[in-house]
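Dear colleague,

I am passing on a structure for you to look at, and my notes on it follow below.

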Amino acid sequence: MRFLIILLLITSPVVAQNNENVFFTRSGEIFFKSDAPLELITASSSEVRGVIDIKKNTFAFSVPVKSFEGFNSPLQKEHFNENYMESDKFPSATFNGKIIEDIDYSQDGSYTVRAKGILSVHGVDQERIIKGDINIKNGVIHITSNFIVLLEEHNIKVPKIVFQKISPEIQVEINAQLARK
Amino acid sequence: MKKIYLLFLLVFFFLDISFSQDPFFKFYRVDKIDQNIRLNKLYQDKKGFIWIGTSNGLYKFDGLNFTNFPTDTTLQNNSVSAIYEDDLNNVWVGYSSGKIGVLKKDSVTVYNLPSAEIASPVTDIIQDSDGTLWISTYGEGIYLLNKNNETNKLTSENGLSDNYVYVLCKNSDNLIYAGTDRGISVCKLNNSIVNIKILTSSDGLPDNIVQEIVADASGNLWIGMQDAGVCFYEANSGEFRQSEVLKLWNYGSVTSIIVSHDELWIGTASNGIVDYEFEGDLRFRPFNRSTGHDFSRINDMLKNLEGNIFIASVSELIQSPGERLEFLRSFKNNSIDNVHAVLADKDRNLWYSTDEGLFYFIMTINKSSELKNYFPNKYHIISLYQDCHGRIWAGTYDKGVLILNPNTGEVKNLTEQDGIVNANILSISGFDCEVWLATLGGVSRVKIADKSKFEISSYNKAQGLANNYIYYAFIDSRHREWFATDGHGITLLENGKFTNFSSDAGLKSDVIYSITEDKKGNIWFSTSTEGIYKYDGNNFKNFALSEGLRDLSIAALSADKLGNIVIVHRKGIDLLNTETENITSLGVEAGITELNSDLNSITQDKKGNIWIGTQKGLIKYAGHLPNPNLKPITHINKVLLFLEEATNTSFTSKENHISIDFVGLWYSNPELVNYQYMLEGYTRDWVKTKDHFVTFSNLPPGNYTFRVRSAFGDNFTNASEKSITFKINKPFYATSWFIILTIIVIGAVSLFVIRYREIKLKEKENIEKEKIEFQFETLKSQVNPHFLFNSFNTLINIIEDDKNLAVEYVEKLSVFFRNIVKYRDKEVVSLVEELSLVENYLFLQQKRYGNNLKLCIQDNIDRKNYCIPPLTLQLLIENAIKHNAISRDKNLNIKIYQENGFIIVENNINIKKNVETSTGFGLQNIVTRYKLLNKREVKIDHTSEFFKVHLPLIHC
């Protein structure tokens, strides 16, 4: 929770403007896919807020669960928010921690890095090491990553009858460009 | 303390996907009932015991039993994540909850760090050269607890690479390496000051997340990482190295590393154990993750003194003899059966023949799955050899020798037509470009002139061989040829001359199967039924069951690189140390249940591994590895008194039921261990047992030394021995001090009694004496002429004035004298009697002094209950009258009264002009008499005003 407050503070224009170690975005993209035998579900959001402190080599990302659009029907979206993600109770999914690899942010270049931190989805925290690519160009940090979220790990319970329609492994893709204010 | 007997032991064999060459694994559960216990950490203490940190607290394993050591206070999270024994032999325990504990006897006591509370999991504990404990945590850096019980903290704020620390490793006195999420922190100690240098990917570290650091014998480090596998760090040059093979790592996160002689066992987070040979072929071999057992996540590994490797998978403790012995039982799901001959070629590739053909297995990583079958189902190949041109010679039954060029595939078949003596080739050996064939018809020597030209000469009975059936031909280091014959002993060919040794030379068996030579040039050979012989050039020495061989029918022999003779028989492998001639063995504990090997189906590769072909695959014995500790280590666990753990070793006479719990640590095969014990002071001989526990009941008082030793079989020479001394004290009445004390007391008492009697007698004597003196004095006073003279003068006056009064006066006088006579023999008289005497006396005196003499006897005197020595009061009054002037102007007032248990006689003092001479005898006599009566003392107050005598009252 404390982290969220910090995140909101940092991403609000008032606080963040003069800190040149901090890169941020308020419009990162996230996409997920559930590839189950009977149904393919996809959804995405472009409301990912993120911040990277290049001095400490730490990061924080957050996305409002309700901002996901797509799905195969409006009813499915409702189920997603109310039954599975309980987005009233757990309004956002977050990932914050540190970047393991040393990166020279001052120069253009590409890196494959590991981000280690706490992934919080559906109110359940998991320590994760997630691989991603960082591309620095003209003072903009471009981040992409693919990873998998296991429903079981985050205590997201899917009724047995729906199991054929929802995969226990959700593939997630993130794509964000962070810049100094 | 909860003791759980080993309930679960399983051995599994391998069903493989491709090629399985695995060591033997034995599986244990620390607790059969609670299957959910997770294993986190393994540790070996200085004595050799194995400790296991689990989700259910700390366990100790002695090879047979798991013992649980609970925490003394209830912890929410009892999961042990770190174990360490410090320089004072305290066992420290770190918990996932951040708590620290110290093992105290049967439980772990939580240790509160001064001014610090850890909330993150403890990952490792070690001690530096100053004695400071380093406690690494997952999230809070490293806590330092020094000998003065002060806590310090290393975090990313004061130079640590990251607060998430996985492992601590010390490779020299003043260097501690900490593996973290952001590289390695090299902590250099300089007079208790810690300088930290950080090593990260910019220094060549392949991966910043360092989860395991292990130092090898020379102080260099092997580093296990989250993503990039394992790398090597040379401490002196500061250089990270990763071989090309290691760069191909794709087995995921590394959790633990065991450094062996020439290979690493790498424990991973999801792929079990991967073996990496860092010398020689540089290859990976993932050990099988097989059915039924948890072999995917490896939490920790440990190599113990015996060379066994212990593995903590999530739920099982796995034990393996390690790299010493490995089994190659199948390839691509095809089992390797009935191996007749085996050959490790010069490139360390392996050739073996079965009923199905001649197989060629390339052992290098790039072609690891390649297995080629030459001659499928065509020949019966029973012997193999590689010649000086790298060609493989395969000896067959009945079909001569096949000479195969593996590079071209070209094959040449040498048969009797080519000049060899017989087509049944039992063994092939050679030196340089000279090859010897042992056959059923003698031996043939094949000289390879060039690649396709052979010069063959043969020997059989006709040339002087003792027999035509030759099992084995051996060329020794002096280029002499030895032949093992069937039924005629061993034959030596030297300088063209045959010498035969058989039963004539003392051999018990004439059927010789195999021959080898040790480093000193001794020839060793095996027989069909009588074990093995050593020939030192002069004598033959037999080694059989009594020397420690487990079987007499030997299938194959080989001298390993370290100078042991490797002896193969049905029951396994025996190792004969040629220096000490001690025999040890590898059997069930290493996974050999039954070993059926063809004759001489043995080979040694360049590295020194010995390969043995059996009916069920191939066995590799790593004959080049230095021998680890090869005997059990004895420990006395505890001494029990009436089956409760004793707190000291000195017992009272009634504490005479003593038990001793001991163990001979031999994890490889604890069932093999035998014990001998002796209680010096009670028994004279060693008693043999297989139990770990012995009880002595009704021990008489005395000093005892319990000695115990452990060994395999019956050979206890050089066995590890431990002893403990204890004492049963004599009962108190039998101790010398008690006897002496008794004598002293009795003596003192008798002495006292004698002295007391003496004193009493003396006292009595004194009383008698005093009494007599007093009587004498009284008598004297009775006839005191003054008194009588005065009395008679008074009487004369009265007679004239008052006749009746005179009669009364004379009566009183006579009563007075009668009473004196009556009382003087008594010790005491009652106050009634004494006072009436006094009154009488006063009457007599008053007639003389009139009212100038006054006596006042107070009423409060308890006359009936108290007594007084006779005539005491009278004497005092007499004295008062005697010493004072009495006149009208100077009245004498005498008071007698009782006060505080005294009767007091008080008179005022009127000093006389001419003092009567006084002996002072009367008063002195009173004081003495009281003393003799043993009563309180008489007190005398003498002032210028009055004279006061306190006489203690005596109860009648």
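Asn609(B) lies in strand 59 of chain B, which covers residues 609-614 (strands, E, of at least two residues, and helices, H or I, of at least four, are DSSP runs numbered from the N terminus). Asn609(B) counts as buried at 2% relative accessibility, where buried means under 20% relative accessible area, exposed over 50% and partly exposed in between, with a 1.4 Å probe and protein chains only. The side chain of Asn609(B) is joined to that of His624(B) by a polar contact of 3.4 Å, that is, a pair of N or O atoms within 3.5 Å, of which, within protein, one must be able to donate a hydrogen and the other to accept it, while residues adjacent in sequence count only if both atoms are side-chain atoms.

This is a predicted model, in which local features need pLDDT of at least 70 and side-chain atom pairs count only at pLDDT 80 or more, whereas totals for chains, interfaces and linings use all residues. Residues are numbered from 1 along each chain as its sequence is written, chains are lettered from A and ligands numbered from 1 in the order in which they are written, and side-chain values use heavy atoms, leaving out hydrogens and water.

Turning to helices, Leu741(B) is found in helix 2 of chain B, residues 736-782, and Leu741(B) counts as partly exposed at 45% relative accessibility. Glu808(B), for its part, lies in helix 4 of chain B and is partly exposed, with a relative accessible area of 32%.

With kind regards
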